[in-house]
Amino acid sequence: MAGNDSHSTSFQKASNNIYPDLTRDKEGQWKGPFCFIQAADTQLGLIDSWNNVREDMQGWGKEIELSKKAIAAANRMSPKPRFFVVCGDMVNAFPWEKYNDPQVKDFKDVFKELDPTIPLVCVCGNHDIGDKPTEDSIKKYRNNFGDDFFTFWVGGKVTSGTADKIILFV
């Protein structure tokens with residue numbers, strides 16, 4: 001369902017391959033220069049996994065701290081970025097793994113701190129849907145983050161998002 005996720009005022013889900021509030025009707029005209037933030041691989045849980053921390057001892061506090069720093073920097077910007085896109089691998093655990101649900105919850109909780117005037121756009125990565133996506137992994141992604149392929153408009157420019165990619169058409 002399009003619209004705000006219950007976790008955040010800035011987190012919205014693409015629905016029917018369109019990102020809400022960044023539609024052609026609202027954003028189809030040039031209104032002057034703008035900036036945006038592109039991030040990738042927030043990958044909550046990667047650091048401990050990479051460092052071979054025992055699974056029962058793994059956490060993702062370091063990634064949360066780094067994400068909070070990026071969000072704070074975005075919130076201080078003037079003018080504000082038109083959107084903040086995370087190009088895949090929001091979390092480290094694959095959809096069927098033990099820590100996926102708590103990592104997704106923490107990702108959403110962290111991004112509550114993003115200024116609500118800066119839309120958060122999430123694009124799926126292999127950790128979000130799997131190296132070989134299944135019907136179940138895509139369904140889970142869509143439930144958590146919205147469509148896995150969508151289009152949105154900003155400042156008269158159409159943008160497309162799909163699996164680890166954002167393409168800005170100028």
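1. Strand β4 is covered on both of its faces: F84 and V86 are buried on one side, and V85 and C87 are buried on the other. Buried here means under 20% relative accessible area, exposed means over 50%, and partly exposed lies in between, as computed with a 1.4 Å probe on protein chains only. Strands are DSSP runs of E with at least two residues and helices are runs of H or I with at least four, both numbered from the N terminus.

2. The model is predicted, so that local features need a pLDDT of at least 70 and side-chain atom pairs count only at pLDDT 80 or more, whereas totals for chains, interfaces and linings use all residues. Residues are numbered from 1 along each chain as its sequence is written, and side-chain values use heavy atoms, with hydrogens and water left out.

3. In which order do the three strands of the open sheet lie? The order is β3-β4-β5, and the pairing is parallel. The edge strands, each pairing on one side only, are β3 (37-39) and β5 (120-123). Neighbouring strands of this sheet are turned by 15° against each other on average, with direction ignored; the axes are lines fitted to C-alpha atoms (for helices, over the stretch in contact), and angles run from 0 to 180 degrees between N-to-C directions.

4. The pairing can be followed residue by residue, two strands being counted as paired if DSSP finds at least two bridges between them. On one side, β3 and β4 pair in the parallel sense over three bridges, and I37 has F84 in β4 as its bridge partner.

5. The structure holds 11 salt bridges, each defined as a side-chain nitrogen of Lys or Arg within 4 Å of a carboxyl oxygen of Asp or Glu. One of them joins the side chains of K69 and E65, at 3.7 Å from N to O. Both residues lie in helix α3 (residues 61-76), four residues apart, or about one turn of the helix. K69 is exposed, with a relative accessible area of 51%, whereas E65, at 45%, is partly exposed.

6. Which parts of the chain does the pair of K80 and D115 tie together? These two residues form a salt bridge whose closest N and O atoms are 3.7 Å apart. K80 lies in the loop between α3 and β4 and D115 in the loop between α4 (100-110) and β5, so the pair ties together parts that are 35 residues apart in sequence. K80 is partly exposed at a relative accessible area of 32%, while D115 counts as buried at 17%.

7. A further salt bridge is formed by K140 and D101, with the closest N and O atoms 2.9 Å apart. This pair links distant parts of the chain, since K140 belongs to helix α6 (residues 135-145) and D101 to helix α4, 39 residues apart. K140 counts as partly exposed, its relative accessibility being 22%. Salt bridges that share partners also join K105, D109 and K112 into one network.

8. How many disulfides does the model contain? The count comes to zero, a disulfide being taken as a pair of cysteine sulfur atoms within 2.5 Å. As for individual cysteines, C35 is partly exposed, with a relative accessible area of 26%, whereas C124 counts as buried at 1% relative accessibility.

9. N126 lies in helix α5 (residues 126-129) and counts as partly exposed, at 26% relative accessibility. N126 and M90 are 36 residues apart in sequence, and their C-alpha atoms are 9.7 Å apart in space.

10. For the protein as a whole, the secondary structure comes to six helices and eight strands, which follow the pattern β-β-α-β-α-α-β-α-β-α-α-β-β-β along the sequence. Buried residues make up 45% of the 170 residues. Of the contacts (heavy atoms within 4.5 Å) with a separation of 6 or more, 70% are between residues 24 or more positions apart. The protein exposes about 9,100 Å², of which carbon and sulfur atoms supply 53%; accessible areas come from the Shrake-Rupley method with a 1.4 Å probe, and for residues only the protein chains shown count as cover.
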